[in-house]
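This report describes how two chains meet in a model. The structure is shown first, and the account follows.

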Amino acid sequence: MDLYDAMRTSASGLSAQRLRINLISANLANVHTTRTPEGGPYRRKEVVFQAAGGAFGDALRRAAAGGPPGEVRPLKIVEDVRPPVLKYDPGHPDADENGYVALPHVNVMEEMVNLMSATRSYEANLNAVRAARDMALKALEIGK
Amino acid sequence: MPQPTGLFDGNLALLERALSLRSAQHRTLSANIANADTPHYKAFEVAVEEALARMRPAAGRLALARTDAGHLPAAAGAARERPPLRVAAPPAFSLRADGNTVDLDRTMGALSENALAYKTSAQLAASKLKGLRNVIIGGK
């Protein structure tokens with residue numbers, strides 16, 4: 001049924017945006033992290049989304065069934081390739097021989113803007129779920 | 001468009017088709033919203049009004065003649081037709097560099113409008129059936 005599919009699609013959007021918000025939180029929390037298991041300072045992370053059924057076989061099947069495009073799913077989590085920011089702080093235990101510390105390239109402004117965008121997208125999906133629920137309830141009133 | 005056959009005349013079929021198209025439209029718009037941040041995603045929509053207009057018997061359009069009572073009416077298939085999907089017009093000005101054509105504001109507007117139209121159709125169908133029941137029980 002279309003309305004159930006719509007709710008599933010919106011749920012995939014909710015989960016995708018939540019993952020995005022979690023990554024932004026991780027970026028903000030690690031704004032000064034200089035040590036990671038991989039070595040070096042923390043690297044800013046971001047998620048790349050993909051529309052489900054993006055693969056050729058899936059797209060062909062979908063086109064044959066006449067169905068609309070499908071859910072969203074996280075394709076991969078990418079690390080920022082920008083080099084770390086060097087800050088002069090000779091007292092820092094991780095400072096190099098010239099006294100510079102490599103700090104993660106996390107811009108708090110950038111993260112906050114991303115966070116707002118993700119929150120808005122989350123709310124949009126939530127509204128779509130609400131609308132689908134209202135429509136289904138209204139359909140149940142037919143024949144009452 | 002099926003010919004009016006007394007009790008359940010053509011309007012109910014039109015409402016049924018409207019409900020089905022509107023729910024397909026809702027699903028498509030939900031997919032657009034879910035993919036609002038997917039790179040290179042192109043927004044889709046269902047051409048609801050156009051599909052409904054095709055159900056109306058247009059003036060000058062010929063109906064297929066039936067030479068035998070056993071022939072199936074040709075118009076009956078219209079209600080089973082697949083929802084006509086089309087690529088939504090991309091926003092006129094876009095500052096996005098990721099190739100995504102979802103206009104979130106426009107989509108949310110279309111979503112509420114579509115939900116309202118769906119509820120209207122459901123309400124109309126409900127009133128129609130209520131009226132029929134009223135007739136069946138003789139207004140008691």
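## The interface of chains A and B

Between chain B and chain A, 7 residue pairs are in polar contact, both residues at pLDDT 80 or more; such a contact is a pair of N or O atoms within 3.5 Å, where within protein one must be able to donate a hydrogen and the other to accept it, and residues adjacent in sequence count only if both atoms are side-chain atoms. On the side of chain B that touches chain A, α1 and α3 (104-136) of chain B each supply at least two residues. The most, 14 residues, comes from α3(B). Helices are DSSP runs (H or I, at least four residues), numbered from the N terminus.

The model is predicted: local features need pLDDT of at least 70 and side-chain atom pairs pLDDT 80 or more, while totals for chains, interfaces and linings use all residues. Residues are numbered from 1 along each chain as its sequence is written, chains are lettered from A and ligands numbered from 1 in the order in which they are written, and side-chain values use heavy atoms, with hydrogens and water left out.

| Item, chain B and chain A | Value |
|---|---|
| Buried area | about 2,800 Å² |
| Salt bridges | 4 salt bridges |

Buried area is the accessible area (1.4 Å probe) lost by two parts on being put together, summed over both. Of this area, 65% is on carbon and sulfur atoms. A salt bridge puts a side-chain nitrogen of Lys or Arg within 4 Å of a carboxyl oxygen of Asp or Glu. Lys119(B) and Asp134(A) form a salt bridge through their side chains, at 3.8 Å from N to O.
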